[in-house]
Each structure stands twice: as structure tokens, then as C-alpha cells.
Amino acid sequence: MQTIEWKALPRKKGTKSEVKQNRMKGLIPAEVYGKGHPNLSVYIQKKALLSRPHGNFLINLLVEGDPEPKLCVLKDIQYNYLGDEPIHVDLYEVTSGVEFDIEVPVEFVGKAKGVEKGGIFEAHLHSIVVRTEPKNIPEKIVVDVSNLDLGNVLHVRDITPPEGVKIMTHGEEVLAVVAEPEEEVAEETTEGASA
């Protein structure tokens, strides 16, 4: 699990104009919260946010004036109405050795058997929620779909999580399916109607 370092400035609950001025300086307002931790308002560097790694990662947050770095995960990014400019960030402070819930991306690998037969692979979930300690957070959950045949459904319960990780998303949730080709379905429907 990759750990990166972000610097942060303490932020007083100021005016909108102050927030606007700081945004122009490349700073984004952020809230830091977590179970058993006091909430904290800070500014983080926009360029640090934009150059973050893909998938999950841990953040050592160095808040100016605070001797101890805070261990955090990125919980949420709010964007402007155009969806192209980050305007606010939520960071969740975690405690080493204490489990918490986090969303993890799902990556499908392999070519489903059913696709070779003309089926259509449909991914229904692109992430799942897991419960784990900070040191065990997977960057992603890799799911091999090679054995999926025509009409097969892959459920969350079919995933084997890495050690120290418990899947919290409901087991009956559908991860992916290999749908029958539409032409065949249409033919069957026509036959059924004329019979």
C-alpha cells in the first residue's frame, strides 16, 4: 500500500472571500475527521491532489504547527458545477491497527469464455466496500473472469478477499454478467410469441 506525503495549513472557519483567495493561490479547503479523532479544517495543495496516485493510498498529512503527522485516506472530492475543478476534499483519519471501512476499486482481468461465444461482458460494480486495518488496505481487488460462460453471473460472495480484509458489500450484489447476444434473445422471444 503506497503512502504519500501531503502538507496542510490549518484553516479557521473564515469567509467565502478568504477561501476564494486561497483557491487562487492553489489551496483547496479540506476537512479531516475520523473515529476517535477531533475534526480539523485545513488547506491542502491543489497540485498535490491532482498528482495523487490511482487506486487507494495512505496519506501522511503534515499539518503546519502539529508535530505529529496524521495518517489519512482520501474519502471524497467535491467538484465545481462543471465537474473539472476540485473545490473541497474530505480526508478520513485512521488509526494504525484499528479496522475501518473503505471503498476499493475492482479490476476485472481475463477474457470471459462466454464472450468468445458472442456474449457481452457487463460490469455492474466498479468498487466494493471492505473492512480492514490501514496497513492491509488493498489498492484494488483483482477478479479473474476467464471462467464466466454465457448467462453466468458473478456475485460479490464469489470474491476471495486478501488476508486481513473483510468484504462489507452484500454478497448477493452482482459484480458482473455475461449477457446472451441480443439477436438470440430476440429470436427466442419471437418463437415464444408465435408458439
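Q: In which strand is the place of glutamate 107?
A: This is a predicted model. In it, glutamate 107 touches Lys140, Ile141, Val142 and Val143, leaving aside residues up to four places away in sequence. The place of glutamate 107 itself is in strand β7.

Q: Is glutamate 107 buried, partly exposed or exposed?
A: Buried means under 20% relative accessible area and exposed means over 50%, with partly exposed in between. Glutamate 107 has 31% relative accessibility, so this residue counts as partly exposed.

Q: How many Å apart in space are glutamate 107 and proline 38, C-alpha to C-alpha?
A: Along the sequence, glutamate 107 and proline 38 are 69 residues apart. In space, the distance from C-alpha to C-alpha is 35 Å.

Q: Which element gives the largest share of the largest nonpolar core?
A: The largest nonpolar core has 24 residues, and those with the most contacts inside it are Val73, Ile128 and Leu175. Two or more residues come from each of β7 (100–109), β9 (127–132), β10 (141–144), β12 (165–167) and β13 (174–179). The largest share is four residues, and the element that gives it is β7.

Q: How many residues has the other core, which has Val32 and Cys72 among its residues?
A: This core lies apart from the largest one. Val32, Val63, Cys72 and Val89 are among its residues, and their core has 19 residues.

Q: Which residues does leucine 175 touch, not counting residues up to four places away in sequence?
A: Leucine 175 is one of the residues with the most contacts inside the largest nonpolar core. The residues that leucine 175 touches are Val106, Phe108, Glu122, Ala123, His124, Leu125, Ile128, Leu154, His155, Val156 and Ile159.

Q: Is alanine 176 buried or exposed?
A: Alanine 176 lies in strand β13. Leaving aside residues up to four places away in sequence, alanine 176 touches Phe108, Phe121, Glu122, Ala123, His124, Asn152, Val153 and Leu154. The cut-off for buried is under 20% relative accessible area. Alanine 176 has 0% relative accessibility, so this residue counts as buried.

Q: What separates the C-alpha atoms of alanine 176 and glutamate 122?
A: Along the chain, alanine 176 and glutamate 122 are 54 residues apart. Glutamate 122 is also among the residues that alanine 176 touches. Their C-alpha atoms are separated by 5.5 Å.

Q: Why does isoleucine 28 count as buried?
A: The place of isoleucine 28 is in strand β2 (residues 27–34). Not counting residues up to four places away in sequence, isoleucine 28 touches Val42, Tyr43, Ile44, Lys46, Leu49, Pro86, Ile87, His88 and Val89. Buried means under 20% relative accessible area. Isoleucine 28 counts as buried because its relative accessibility is 1%.

Q: Where is the place of glycine 83?
A: Glycine 83 counts as partly exposed, at 46% relative accessibility. The C-alpha atoms of glycine 83 and proline 53, 30 residues apart along the chain, are separated by 20 Å. The place of glycine 83 is in the loop between β5 (70–79) and β6 (86–93).

Q: How many helices and strands has the protein?
A: Strands β2, β7 and β13 hold isoleucine 28, glutamate 107 and alanine 176, respectively. For the protein, the secondary structure comes to four helices and 13 strands.

Q: What is the radius of gyration of the protein?
A: Along its principal axes, the C-alpha trace spans about 75 × 40 × 25 Å. A compact globule of 195 residues would have a radius of gyration near 16 Å. The protein has 22 Å.

Q: What share of the 195 residues is buried?
A: The protein exposes about 11,900 Å², of which carbon and sulfur atoms supply 51%. Alanine 176 and isoleucine 28 are among the buried residues. Buried residues make up 36%.

Note on methods
Residues numbered from 1 in each chain as written. Predicted model: local features only at pLDDT ≥ 70, side-chain atom pairs only at ≥ 80, totals over all residues. Heavy atoms only, no water. Core = buried A, V, L, I, M, F, W, Y, C linked by side-chain atoms within 4.5 Å. Buried < 20%, exposed > 50% of the residue type's maximum accessible area, 1.4 Å probe, protein only. Contact = heavy atoms within 4.5 Å. Rg over C-alpha atoms; globule rule 2.2 N^0.38 Å. Areas by Shrake-Rupley, 256 points an atom, 1.4 Å probe, with all protein chains shown as cover.
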